Amino acid sequence: MVKLPMQNHWLKYGRTRNLKVKYGLTLSEYENLVAKQQGRCAICNIKPLVTIKKPNPLYIDHDHKRAVVRGLLCHLCNVLIGMAKEDTCTLRNAAEYLEKTMSIATTIPVVNVQRRSRVVSRNSPLFLANNP
């Protein structure tokens with residue numbers, strides 16, 4: 001689908017309004033943040049893929065209590081912080097757990113790991129197509 005110039009105008013207007021209302025940022029301030037971070041996530045340093053559906057793949061990370069913008073994050077890092085409820089103690093514990101179990105994970109073999117087979121009803125189109 002080709003976007004018409006008027007559609008681009010409204011998309012940009014919507015983005016500009018959303019930045020201002022939610023975070024108090026102008027579009028140029030957001031673009032400056034992107035340039036400052038070289039288009040990369042502030043945590044994992046990965047440069048997210050820009051697509052037609054997601055022209056701004058970096059999420060604005062902000063402190064909900066102080067209403068301050070901290071930086072820009074990729075989707076996964078944004079979810080990570082959200083799931084940890086922005087609790088630095090939880091994130092430190094998670095990092096320590098991973099570091100502690102790295103040596104254990106390499107010495108304990110995983111035994112008898114099998115994928116469950118898909119159960120197909122005799123009346124399903126998949127069954128009927130494979131069993132004429």
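Analyst: One term before the cysteines: a disulfide here is a pair of cysteine sulfur atoms within 2.5 Å. Also, this is a predicted model.
User: What is the closest cysteine sulfur to that of C77, and how far away is it?
Analyst: The closest is the sulfur of C74, at 3.6 Å. The cut-off is 2.5 Å, so the C77 and C74 sulfurs are too far apart for a bond.
User: Is C77 buried or exposed?
Analyst: C77 is buried, with a relative accessible area of 7%.
User: And what about C89?
Analyst: C89 is partly exposed, its relative accessible area being 42%.
User: Switching topic. What does the secondary structure come to?
Analyst: Five helices and two strands. Along the sequence the pattern reads α-α-β-β-α-α-α.
User: Which residues make up the largest nonpolar core?
Analyst: There are eight: L19, L25, L27, Y30, L33, L58, I60 and L72. Helix α2 gives the most to this core, with three residues.
User: Where do C74 and C77 sit, then?
Analyst: In another core, which lies apart from the largest one. That core has five residues, among them C41, C74, C77 and I81.
User: Back to L33. What does it touch beyond its neighbours in sequence?
Analyst: Not counting residues up to four places away, L33 touches L25, V69 and L72. Both L25 and L72 belong to the largest core along with L33.
User: Now Q37. Where is it found?
Analyst: Q37 is in the loop between α2 (27-36) and β1 (59-63).
User: Buried or exposed?
Analyst: Buried, with a relative accessible area of 16%. The cut-off for buried is under 20%, so Q37 counts as buried at its 16%.
User: What lies 2.9 Å from a polar atom of its side chain?
Analyst: The backbone nitrogen of L72. Leaving aside neighbours within four places in sequence, Q37 is in contact with A42, G71 and L72.
User: Last topic, the whole protein. How much of it counts as buried?
Analyst: Of its 132 residues, 17% count as buried.
User: What share of the contacts with a separation of 6 or more comes from residues 24 or more positions apart?
Analyst: Those residues account for 33% of such contacts.

Key
Residues are numbered from 1 along each chain as its sequence is written. This is a predicted model: local features need pLDDT of at least 70, side-chain atom pairs count only at pLDDT 80 or more; totals for chains, interfaces and linings use all residues. Side-chain values use heavy atoms; hydrogens and water are left out. Helices (H or I, at least four residues) and strands (E, at least two) are DSSP runs, numbered from the N terminus. Buried means under 20% relative accessible area, exposed over 50%, partly exposed in between (1.4 Å probe, protein chains only). A polar contact is a pair of N or O atoms within 3.5 Å; within protein, one must be able to donate a hydrogen and the other to accept it, and residues adjacent in sequence count only if both atoms are side-chain atoms. Contact means heavy atoms within 4.5 Å. A nonpolar core is a set of buried Ala, Val, Leu, Ile, Met, Phe, Trp, Tyr and Cys residues joined through side-chain atoms within 4.5 Å.
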